[in-house]
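Hi everyone, thanks for making time today.

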Amino acid sequence: MPKKRRFGKLIDLLDEVDESGESPATVFLCPPNVREDSDADSGDEDGGGTIDNLNRNLLQADAELVGQEDGSDDEAAESVAPTSHRWGKREVASFLKEREEACPYPQVNFSNKTPVEVLSFFLDDEFYAQLLQETRRYIQWRGKNVQEPSIAELKAVMAILYFSGYHNVPNRRAFWSTDPDLHVEFVSRIISRNRFDDILSVLHFADNQRLDPSDKMAKLRPLFNSMQDKFLRAFQRSPSSTELDVDESMIPYYGRHGCKQFLRGKPIRFGFKAWCLNSPDGYLLTFEVYQGASGTAQRPDYEAAFGKCGSAVKILIDRMPKEMRMDALHIFTDNLFTSLPLMMALKEEGIGHTGTIRQNRLRGCPLSSVAAMKKAPRGDTSVAVETKQGINLVRWKDNSVVTVASTVSSSRTVAEVQRWSRREKKRIKVAQPQMIQDYNCAMGGTDRMDQNIGAYRIAIRQKKFWWCIFCWLLGAAMQNAWLLYRQHHPGENQINFIRAIVRYHLAETTKPPSGRPSSASSQHRVPASIRYDGINHLVVPLAKQGTCANKEGKCKSHPKTACRKCQVPLCVACFVPFHAT
């Protein structure tokens, strides 16, 4: 007589049979011994069903594990439908170890680049050519009485936009105010106020006569595609890790638009929502502005399999080059995106996934309940493993209960963290699983990007709905360039990086100073990114004599010549040594 076992014990036995490689087994469920319909909760699956949709009485009934004899009919074995998930306790090892030796994809070398050259990888000649072409077409189409801007003027406008991020004035017209407490000569001597307003009024990135009516972001779509391609090509893979995270970023907007979102409890509550794929330091690889249920970026097949938010993760990963997806990637998400089907799909592509997960997406996982974990001591854990697909899960009690699932990280305890105990009135040590530690270290790249962009956000505003998204994209390009530059110059902070670029572009059209220069050293008056770039340094005459700026050569002459770009007096003999590195 076969031995009767409870259903939970039976599942553990099935796991052991599968791992040992023995012959298959037949499962017989005893009928319930209460007067209730056994198929009341089975729905459409009552003709066999799976373990996930069996009712309470069947789950509590006794079960038998019957060995199948050789030569038995195969139909008997197929009478029980296979389970969608198989749970156990034995932890599954990371599958990414097999791919750690994969050759990384080609990377751009930024080691000897100046700040201007790094940013020029994103805002390159192609960017300005596209901007000029569509602006010219828009002027002709609208019949505006505006002179076509030049490339130099467009670069000056971009520099002024970045300048407004760290030089705050009440409004943009204050840059050209004649009042001494508002006037900014650095801007007003570059371009007039009316000319600046005219250029902003005609800036365009797409042909209005050929817009996709189903794409609510059609006015910026060509710019999106161009910038995302450059972001991906410039990404510098870390030699020690390949972690990326997917999260949502809010772009502030207070006007009226069908894509405008409201998120309660967020630092930016009103605006456009963008799905972003970032590295842990904040580098933006790719993104998509959320357009609602009818957006062109949606994939019905992905939404059916992973949900609306989970499909965004798959869409962003699909945009990455094949070489990059083959590089043992490890994706981190929060509970808005994480689901077991998504983790399985990414694992089939060779991509690891770790994320917090909601209770209603666990599909019968035998973890301790949240209510029970709340009563447990801090640091307590509950572990489960989806053995069929190789997914480790851990539920951990900290200040609150958190559940994390991973196809890569381990659920074993590897560290102790300090926590304040109200009961003991002191800091105590709490055991922390590796899965939680990995999640805390790698998740948050999108938040860091928001912090970098928000620190020096472009302050000049327009009434066009796409303007805030365009300024956000300019800020993302600037912070990406700064992160690339900082890899080779660790001491460079963001504000100095932006200032070097702004001063470079605005110095190209300024006039050289007249009169006697200050006694400050030339190294402090001329940024290195301008002094040593070797571009457009020309000798121009001075109205009055000045002291030669080549202090390193100990030149004490008083020439009537200067460098047009550096704006410092220089004698002809010192011109070349002054600009040599």
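**Rings, charges and crossing helices**

Let me start with arginine 486, which lies over the face of tryptophan 482, 4.4 Å from the ring centre. For a charge to sit over a ring, NZ of Lys or CZ of Arg must be within 6 Å of the ring centre and within 35 degrees of the ring normal. Arginine 299 lies over the face of tyrosine 302 too, at 4.1 Å from the ring centre.

A quick word on the source: this is a predicted model, where local features need pLDDT of at least 70, side-chain atom pairs count only at pLDDT 80 or more, and totals for chains, interfaces and linings use all residues. Residues are numbered from 1 along each chain as its sequence is written, and side-chain values use heavy atoms, with hydrogens and water left out.

Now, the helices. Helices here are DSSP runs of H or I with at least four residues, strands are E runs of at least two, and both are numbered from the N terminus. Helix 16 (residues 467–486) packs on helix 17 (residues 494–507) at about 110°, with the axes 10 Å apart; axes are lines fitted to C-alpha atoms, for helices over the stretch in contact, and angles run from 0 to 180 degrees between N-to-C directions. The two are therefore roughly perpendicular to each other, a label that covers 65 to 115 degrees. Which residues of helix 16 make the contact? They are Met478, Gln479, Ala481, Trp482 and Tyr485, facing Gln494, Phe497, Ile498 and Ile501 of helix 17, where contact means heavy atoms within 4.5 Å.

Helix 6 (residues 151–163) and helix 8 (residues 193–202) come within 11 Å, axis to axis, and cross at roughly 95°. That makes helix 6 roughly perpendicular to helix 8.

On to the aromatics. Rings of Phe, Tyr and Trp (its six-membered ring) pair if their centres lie within 6.5 Å, with planes under 30 degrees apart stacked, over 60 edge-to-face and the rest tilted. The count comes to 25 aromatic pairs. One of them is phenylalanine 163 with phenylalanine 175, tilted, at 5.9 Å centre to centre and 45° between the planes. Both phenylalanine 163 and phenylalanine 175 are buried, meaning under 20% relative accessible area with a 1.4 Å probe, protein chains only. Next, phenylalanine 287 and tryptophan 472 have ring centres 5.4 Å apart and planes at 80°, so this pair is edge-to-face. Phenylalanine 287 is in strand 8 (residues 284–289) and tryptophan 472 in helix 16, so the pair ties together parts 185 residues apart in sequence.

Methods: Angles under 35 degrees count as roughly parallel, over 145 as roughly antiparallel, 65 to 115 as roughly perpendicular and the rest as oblique. Buried means under 20% relative accessible area, exposed over 50%, partly exposed in between (1.4 Å probe, protein chains only).
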